Every structure is written in C-alpha cells, then in structure tokens.
Amino acid sequence: MKKRNMVIFILIIAIVGSISFGAINGVKLGKYKIPPIKQKIQLGLDLAGGVYVVLEAQTKDTGKELEKKMEQTKAIITQRVDSLGVAEPNIVIEGKKRIRVELAGIKNSQEAIDLIGKTAQLQFVDPQGKIVVTGKNVKESDVGFQQSATGKEEPVVSLRFDKEGAKKFEEATKALSQKTDPKEKAIFIVVDDKVISSPIVQQPISDGKAVIQGSFDVKSATELANLIRAGALPVELKQVQTSVIGPTLGLESLDKSILAGAIGLLITFLFMIVMYRVPGFIADICLTIYILLTLSIMIGLDVKLTLPGIAGLILSIGMAVDANILIFERIKEELKSGKSLRMAVDSGFKRALTSVIDSNITTLIAGTVLYYLGTGPIKGFGVTLIIGLCTSMITAVFVTKFLLKLTVNTRLSKNTKLFGA
C-alpha cells in the first residue's frame with residue numbers, strides 16, 4: 001500500500017511536470033503541434049494594441065436630452081460589441097457628441113468599421129416605400145428557436161417593439177396581411193439604405209412581438225439580430241476618425257510581468273518548502289495545477305488578458321497560497337497536540353475549511369461586483385479574479401487533501417517533522 005501510494009505520488013509529479021514543460025515550451029508530436037500557452041492567450045488593448053473608431057452623433061439635441069441619448073448609444077454599442085465576442089472593449093464618450101470605441105486584437109481598421117460602423121437608423125419599410133417603424137421603436141432583437149413544419153427546431157429572429165412601434169406595426173401588418181400577391185406582403189428591413197431582410201407578413205401582429213422566419217442557421221440569425229439591434233441607436237452616428245493603435249503599455253510590459261510573476265512564484269515555492277516541508281512541496285504541486293487550470297479556462301473562454309487582469313490573477317494566486325497556509329497551520333497545531341499524522345490531516349482540514357471558504361467567497365463577491373458594475377480593465381480584473389478564486393478553492397480543498405493523504409500512507413509519514421511537527 002505504501003509503495004503503491006508513493007508510485008502514484010511520483011507519477012502525479014511527473015505528469016504535472018510534463019504538462020508544465022509542454023505549456024511553457026509547446027509540444028510537437030509528428031504532424032500535431034501544440035503552441036506554448038503564452039501564444040494561446042489573447043491579449044487586451046494595453047498589451048497587444050488594436051483599433052479605435054470615433055463616432056459623432058448627428059443630432060440637434062442639447063443639454064440633458066443629448067446627454068441621455070449619448071449614454072443610451074454608448075450602452076447599445078457596448079452590448080453590440082460584447083455580443084460579437086470582442087472582449088475588453090474600451091468605449092467612452094468624448095466631449096458632448098462623440099463616442100470613442102477601442103477594440104483589442106483587431107489589426108484592420110476596416111474590420112472594426114464592419115463591426116460597429118453600421119450605425120445608421122434602422123427602418124422597417126412597406127412595399128410602397130412608407131416607413132413603418134424605425135430602430136428607435138425596437139426594444140429587443142434576439143435569436144430564438146421555433147418548431148418547423150417538419151418538427152425540427154430552427155433558429156428565428158425574435159423582435160419586440162415599444163408601445164408606439166407596436167401600434168404602428170399592427171396597423172402595417174394588418175394591411176399587408178390582406179394582400180394576395182407575396183411581393184405586396186413583404187416588409188423590408190433596411191440598414192444603411194441596404195435591405196438586410198424582407199420577411200413576408202402572414203398575419204396582423206398586435207402584441208408588438210414579431211418573429212422573422214427563414215432559412216437561417218444560428219450564425220446568420222445572430223448576424224441579423226445584431227444588425228437590427230445596432231440599428232436601434234437613439235441617434236444617427238457618423239464615423240469621423242479611425243486608426244490602428246499600438247499597445248499602450250507595450251509588449252515589454254507583458255514580458256516584464258511574466259518575469260516578475262515567475263520570480264515571485266519561485267520565491268513562494270521555496271518559502272512553502274522551507275516552512276512546511278512535505279506539505280509545502282504538495283502546495284507547490286497544487287499551485288502549478290492551479291495556474292495551468294486557470295490559464296486553460298481563460299483560453300477556453302477567450303478572456304483577453306490585460307495588465308489589470310494579470311493583477312487579478314496574481315491576487316488569486318495569493319489567495320491560493322493563503323488557503324494552503326491556513327490548512328497546514330491547522331495540521332501543525334493538531335500534530336503538536338499529540339494526534340497521529342492521519343488524524344491531524346483530517347482535523348486540520350476540517351478546522352481550516354470554514355476559514356478558506358469564507359475568505360474566498362467574500363473575495364468572490366467583490367470580484368462579481370467588479371465584473372457586473374465595472375467597465376473595460378476593471379471588468380477584466382474581475383473576470384480573472386473570479387476564475388482564479390474558483391480554481392483555487394478546487395485545488396486547495398480537493399487536490400491538496402488528496403495528495404496529503406497519499407503521503408500519509410508512505411514512508412514519509414514515519415518522520416512527522418517533515419510535516420511540520
């Protein structure tokens with residue numbers, strides 16, 4: 001049993017070491033190549049640069065009315081950019097009538113214009129060219145699913161209008177539904193003088209909720225829903241400036257941050273081994289697993305790493321170390337009270353668990369608040385902090401306990417001084 005546990009323990013160390021080496025240097029197996037983890041992580045605007053676009057509101061409104069519309073416009077653009085998967089955008093109101101949109105990781109200014117440039121007023125037009133409703137009347141535009149005649153769930157675009165829009169849409173659809181020629185029953189959805197869809201009206205729509213059916217797949221339905229949502233801006237915007245921008249902090253900042261983090265981790269690893277010996281070494285293995293897991297989750301979720309995000313990551317590493325120290329200190333106390341190593345490990349974990357969970361949950365609440373109420377880099381800080389804390393609790397509570405119990409059943413347990421006694 002003792003020999004078997006030691007073999008499993010050494011095997012885990014070898015696996016973690018191999019994965020860490022592969023994550024740092026990349027792996028090449030014949031035709032298959034896995035790049036280093038550094039190349040897989042997407043960087044934010046401050047580290048990788050991107051594109052900025054300045055848009056100017058075309059309106060005669062002034063004062064609080066203008067201020068209100070600019071805030072609404074900013075919120076809609078933010079929602080639109082987020083829905084397109086462009087994380088960590090920096091969107092600010094400049095002066096009274098201008099909005100500056102900075103997008104990370106985009107090198108081509110035309111790509112940014114394609115994403116946010118279609119900001120003219122959306123119009124729903126009947127076959128006679130009469131405007132039925134405009135984008136200001138559209139409250140929601142989302143992708144939904146509806147059962148087709150064959151019983152298959154197919155993507156559709158669902159719309160919801162405000163009170164004024166619902167009334168106008170009811171009048172228009174009531175008239176169009178009575179036509180017999182399909183060409184006279186169409187209602188054209190126009191953005192930038194371009195028809196993006198022309199659904200046929202089947203029946204009067206009186207509740208302000210419409211559904212556009214067609215040969216959609218999820219991607220095309222999402223694109224149409226996004227275009228309609230973009231057209232719901234309260235003011236028309238004109239693009240006045242666009243340019244590619246370099247990283248505000250420079251790529252050197254990333255290299256220096258990685259070097260500083262590596263030195264900090266090395267010192268932490270040595271400190272844990274000197275202070276806690278075998279448990280300290282186990283904590284180092286768990287911290288390595290924690291870092292690999294956290295970075296893998298960030299890559300999987302397409303989280304863009306900014307300098308505040310790195311700060312959130314380092315803070316969560318500190319929380320992970322703190323959790324291990326709490327556990328090991330309780331185990332030391334149990335050993336000094338005369339308990340056997342096995343009982344000390346069990347009692348130490350039980351006593352430390354409440355403190356570990358409490359401290360992580362309170363920080364998790366703070367990270368969640370930063371994510372939901374913050375913007376730009378603050379949001380990035382919150383994201384990395386939340387991911388780091390969740391991973392830290394898993395590794396500290398489960399992985400550390402598992403590895404400690406493995407070593408308790410080996411020859412190492414004969415010398416309790418190796419466990420801090």
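1. Among the contacts in the protein with a separation of 6 or more, 72% are accounted for by residues 24 or more positions apart. The model is a predicted one, and within it the protein has 12 helices and 15 strands. Of its 421 residues, 44% are buried.

2. The UniProt record, in an unreviewed entry, places the feature "transmembrane region" at residues 257-274, 281-301, 307-331, 352-374 and 380-404. Two of these spans can be set against the predicted coordinates. Residues 281-301 are 95% helix and 0% strand, with the end C-alpha atoms 30 Å apart, while residues 307-331 are 100% helix and 0% strand, with a distance of 37 Å between the end C-alpha atoms.

3. Helix H11 covers residues 341-373, and its 33 residues reach 47 Å from the first C-alpha to the last, which is close to the 48 Å expected at 1.5 Å a residue.

4. Glu 334 deserves a separate look, and the place to start is helix H10, residues 307-336, in which it is found. Is Glu 334 buried or exposed? Its relative accessible area is 5%, and because the cut-off for buried is under 20%, Glu 334 counts as buried. Leaving aside neighbours within four places in sequence, Glu 334 is in contact with Lys 339, Ala 344, Ser 347, Gly 348 and Arg 351.

5. Turning to the strands, an open sheet is formed by 3 strands in the order E9-E10-E13, with antiparallel pairing. Strand E9 (138-147) and strand E13 (209-212) stand at the edges with a single partner strand each, and therefore one side of each has no neighbour in the sheet. From one strand to the next, the twist averages 30 degrees.

6. The pairing of E9 with strand E10 (residues 153-161) can be followed residue by residue. The two run antiparallel and are joined by 9 bridges; Phe 145 stands opposite Pro 155 in E10, and Asp 142 has Ser 158 in E10 as its bridge partner. The hairpin of E9 and E10 has 5 residues between the strands, and in this hairpin Gly 151 takes a positive phi near 85 degrees.

7. A last point concerns Ile 91, which is found in strand E5 (residues 90-94). Which residues does Ile 91 contact, leaving aside its neighbours within four places in sequence? They are Lys 74, Ile 77, Thr 78, Val 81, Ile 99, Arg 100 and Val 101. With a relative accessibility of 8%, Ile 91 counts as buried. Ile 91 and Glu 102 are 11 residues apart in sequence, and their C-alpha atoms are 6.2 Å apart in space.

Conventions. Residues numbered from 1 in each chain as written. Predicted model: local features only at pLDDT ≥ 70, side-chain atom pairs only at ≥ 80, totals over all residues. Heavy atoms only, no water. Helix = DSSP H or I, 4+ residues; strand = E, 2+ residues; numbered from the N terminus. Expected span 1.5 Å × (residues − 1). Pairing = 2+ DSSP bridges. Axes fitted to C-alpha atoms, helices over the stretch in contact; angles between N-to-C directions. UniProt positions renumbered as here; feature names shortened; annotations may be inferred. Buried < 20%, exposed > 50% of the residue type's maximum accessible area, 1.4 Å probe, protein only. Contact = heavy atoms within 4.5 Å.
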